Amino acid sequence: MHTKRKFIEKTVLKILHSDRNQKGIILATLIIVGISIMMFPTMLVKAKLLPKPTADYFTIYVDLPSGKSIEETKKVTECITNTMQNEKEIENMSIFLGESLPVDLSAIIKWRVLKSNENTANILVNLSKKESREETSLLMVSRLRPIVQKACSTEGANIKFIEDPAGPPVLASLVAEITSPNYHKNNLNTLANEIYTIFKDTKTLVDVDIERDQTYKKYEVVLNDEKIFRAGLSIDHVKNVLYAAFEGMDIAYIHDPYANNQIPIHLVLSKETKKLSDNQKETLLYKFNELKLLNSQGMMVPLSELVEIKDATNTKKIVSKNLTPLISIIAEADMESQIYPLLDARKVIMEKLAGKYTIEKTKFLDLKLTHKKTGEEFYLHWDGEQKLTFETFRDLGFALLVSIIMIFLLMVIYYHSFSLATGIILASFISIAGVIYMHFIIDIFSPTTFFITGTSLVGFIGLIGINSRNSLLIIDFAKQLIEEKHFSVDKAIAVSIQTRAKPILLTVLAVVFASSLLVLDPVFSGLGAALIGGTLIAYLVSLFVVPVLIFKPLKKMYPNHDDTFTA
């Protein structure tokens with residue numbers, strides 16, 4: 001009895017009966033995969049280690065040039081808080097003036113715990129709960145950064161907006177480490193300034209800074225022992241008065257019977273009294289002249305007569321790596337993956353500095369710069385979050401290669417056919433196009449860039465196994481039909497796909513619905529997008545591409561079966 005062939009079965013037979021149709025399917029598949037891969041160099045789809053998570057707070061680092069007073073730092077912090085106080089999403093702000101924030105791992109990695117000087121401050125900005133906010137913390141930081149920096153970058157202040165890291169804490173998203181084995185301070189600083197300028201001019205790079213101490217002028221107060229003795233005073237007396245006036249000291253204790261410890265009485269000049277109007281030596285001498293000490297003869301002696309004020313410069317901290325002096329230029333990427341501004345900055349470095357330095361490429365993206373006049377060698381090494389991105393994608397790529405090889409070997413052992421195993425692997429690998437296209441589609445509707453991340457690659461590695469299983473179901477059922485029902489190869493493949501299409505579709509829908517929840521997660525959204533896009537295109541591959549890839553290997557495996565089926 002003649003029965004009407006089902007649509008999928010009929011379509012598959014039509015493809016298998018025509019070499020032109022088979023070549024058309026292969027060509028269309030290559031075009032689809034090729035277009036998806038070309039989305040990377042054209043930057044229609046971008047890669048990043050992990051997207052930054054949204055949070056209910058962010059931090060502002062304020063760094064003034066070395067030598068600036070705490071009063072000047074306070075002016076900058078007041079400007080920042082006044083600029084942001086009308087933001088309805090900000091609940092409160094805590095200012096840590098001249099001291100570090102409560103210590104966390106990120107602050108340790110960023111060296112922030114070591115910066116507790118008068119020229120530094122930290123502001124913790126607490127936001128309303130993200131469920132009640134229309135604007136995410138990422139968009140708010142991106143919007144507020146240029147406003148605050150334009151309004152408050154006085155006194156040479158460097159204002160940086162710090163968000164929670166996406167992955168392991170690093171010094172910054174992008175770090176350029178400059179070292180020189182034959183260290184010459186001036187030349188190393190000159191190169192650092194040149195790269196700093198290039199970073200400042202690079203689009204999407206923000207919060208650019210150089211991790212080094214600036215040279216500044218200071219005064220040393222030296223006691224004149226001879227004048228002190230002639231004035232009838234002791235050196236300890238003069239030292240105690242100086243320290244009590246400007247730093248303060250405990251001079252006595254209150255004995256409270258109900259207190260666990262003695263209560264100290266702390267003596268110090270008021271802030272207004274010890275404040276200097278400017279940084280001139282004469283102003284400091286005038287302030288010392290107002291401080292008078294009572295000697296053994298009952299006479300008042302001005303402190304300015306007992307000390308000498310000498311010009312001096314600050315002592316810089318020494319930063320080294322592998323026993324080599326180091327200067328780091330750091331920057332953050334504003335709503336962008338670090339690799340793209342890195343490549344832009346690296347290209348400008350090679351073009352702009354080529355006249356002054358001989359530039360050689362070393363390992364990966366690192367550079368060696370040799371000064372053409374002095375012969376001094378400098379090494380530029382890229383570090384930060386982008387380094388973690390490279391390492392993660394490299395390791396996951398290696399894991400993907402290992403999984404493909406293992407699946408291929410298992411298929412060879414199971415089917416005793418290299419060509420059939422190759423067809424299964426090729427069919428599984430095509431799902432990468434679905435992963436890329438799904439990221440592109442989500443990016444169109446997302447308010448921020450939707451990156452292919454490390455979790456996306458984890459999803460693709462999982463897809464290799466899922467898609468191989470689809471091919472296995474089709475091949476095994478086709479073999480069973482050939483061996484038990486004596487179907488021709490083309491008929492067996494068509495019936496197998498028609499029969500397995502619905503169970504495979506149900507599996508695909510289960511994966512899609514379950515993964516749709518992951519797409520909403522800020523960190524694992526890449527995993528959800530990869531599973532959705534990969535399984536959807538894998539279903540189409542199972543229906544139309546797998547038959548073409550397994551047709552000839554099965555014909556070779558069953559040469560005595562008729563290739564043409566007639567209803």
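**Charges over rings**

I started with K46, which lies over the face of Y340, 5.4 Å from the ring centre. I'm working from a predicted model here. Next I looked up R500, and found it over the face of F477, with 4.9 Å to the ring centre.

**Aromatic pairs**

How many aromatic pairs does the structure hold? I get eight. The one I opened up is Y414 with Y415, an edge-to-face pair.

Is Y415 buried or exposed? Y415 counts as buried, at 3% relative accessibility. Y414 has a relative accessible area of 46%, so I put it down as partly exposed.

**Second largest pocket**

I moved on to the second largest pocket, and wrote down a volume of about 620 Å³. Its lining is made up of 28 residues. Which of them lie nearest the centre? I listed P51, K52, L138, T448 and T449.

By class, I have 12 nonpolar residues in this lining, along with nine polar and seven charged ones.

Which helices each supply at least two residues of the lining? I noted α5 (137-152) and α17 (525-557). The largest share comes from α5, with four residues.

Definitions and conventions
Residues numbered from 1 in each chain as written. Predicted model: local features only at pLDDT ≥ 70, side-chain atom pairs only at ≥ 80, totals over all residues. Heavy atoms only, no water. 1 Å grid on protein atoms, 1.4 Å probe; cavity = no way out; pocket = protein on both sides within 12 Å on 5 of 7 lines; lining within 4 Å. Points joined across faces, edges and corners; volume = space filled by probe spheres on them. Nonpolar A, V, L, I, M, F, W, Y, C, P; charged D, E, K, R; others polar. Phe/Tyr/Trp six-rings, centres within 6.5 Å; stacked < 30°, edge-to-face > 60°. Buried < 20%, exposed > 50% of the residue type's maximum accessible area, 1.4 Å probe, protein only. Lys NZ or Arg CZ within 6 Å of the ring centre and 35° of its normal.
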